[in-house]
Amino acid sequence: MTPSKHAYSLDNILEIYARPFNDLIFEAQQIHRQHFDANTIQCSTLLSIKTGGCPEDCGYCSQSVHHENSLKPEALMDIEAVRSAAAAAKANGAQRLCMGAAWRSPHDKDIEKVAAMIQVVKEHGLESCVTLGMLKSGQAERLQSAGLDYYNHNLDTSPEFYGEVIHTRSFQDRLDTLEAVRDAGIKICSGGILGMGESRRDRARMLQVLSQLPQPPESIPINALVPIPGTPLEAATPIDGLEFVRTIAAARIIFPQAYVRLSAGRETMSDELQALAFLAGANSIFLGDRLLTTSNASSGHDQILFEKLGLHAG
């Protein structure tokens, strides 16, 4: 994988983080306005098409078979249920439908079923995104031929802290999947989770690795950990709100043309904290009361918040 010409050094990113808060937000907002309408938020809906029974041991996830109180495995959703979900997402104002399946790596027969789902999503005039785990040779190309716009595969954290969270899949495995997706001509959605016990250096390293990809991700989810009972991270200390916003601002400065998504954790964020995140350059959210397996801010509350801030979906 050839490194990006736009890669940042770790010291540079740490310097961005350390700037006075007002200066950091001001710079991030200036950069944001150069590339986006500052009052437009891209909205997506997340749909779990295959829940539970995952062989991975990600310390934050209730779908892992390794954890107590893991979710009961469910079969892959049928295509008519996806059709209904796509229609509902469109009616609720979403521009993109993201479908997630709890697999380590899908079989080719699974890829064919997901390809049919992608086509249903596209028929409703929505962008399509899937997260299916690691991909084998040819699978990314099949998804691309079905019309897939984005593939989500988060780095989660830094290479150095990664082993504290996940043991069944290496950091390099994640990079290999991102390379396969990019080689197939699919846009990349990749970010991380904050509040798992990582340091600021780990957060900066995650952004640095993303900047080193041959082509930067088009979408970068920044998640605040939602602690789930029965998982190894159920007692993790929550990320400080201002540190979370600093990460949003750093992502906006480093990736000026990417959608920076204010993702998991919004349910417990105050309106003021979300407003700061938008000011720092976040311009994408998930609509709906649920993400894959965790609660999300309600659509009704999002509408009220958008009205308060003068934001609109687009």
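Helices and strands here are DSSP runs, with helices at least four residues and strands at least two, numbered from the N terminus. With that in hand, Cys58 turns up in the loop between strand S1 (40-50) and helix H3 (79-91). Keep in mind that this is a predicted model. The chain as a whole has ten helices and ten strands, and its radius of gyration of 18 Å is close to the 20 Å that the globule rule gives for 314 residues, so the chain is as compact as a globular protein of that length.

**The annotated cysteines**
- UniProt, in an unreviewed entry, puts the annotation "binding site" on Cys54, Cys58 and Cys61.
- Cys61 is found in the loop between S1 and H3, which is also where Cys58 is found.
- Cys58 has a relative accessible area of 10%, so it is buried, as the cut-off for that is under 20%.
- Cys61 comes in at 19% and so counts as buried too.

**Overall build**
- Along its principal axes, the C-alpha trace spans about 50 × 40 × 40 Å.
- Buried residues make up 57% of the 314 in the chain.
- Take the contacts with a separation of 6 or more: 75% of them come from residues 24 or more positions apart.

Notes:
Residues numbered from 1 in each chain as written. Predicted model: local features only at pLDDT ≥ 70, side-chain atom pairs only at ≥ 80, totals over all residues. Heavy atoms only, no water. Rg over C-alpha atoms; globule rule 2.2 N^0.38 Å. Buried < 20%, exposed > 50% of the residue type's maximum accessible area, 1.4 Å probe, protein only. Contact = heavy atoms within 4.5 Å. UniProt positions renumbered as here; feature names shortened; annotations may be inferred.
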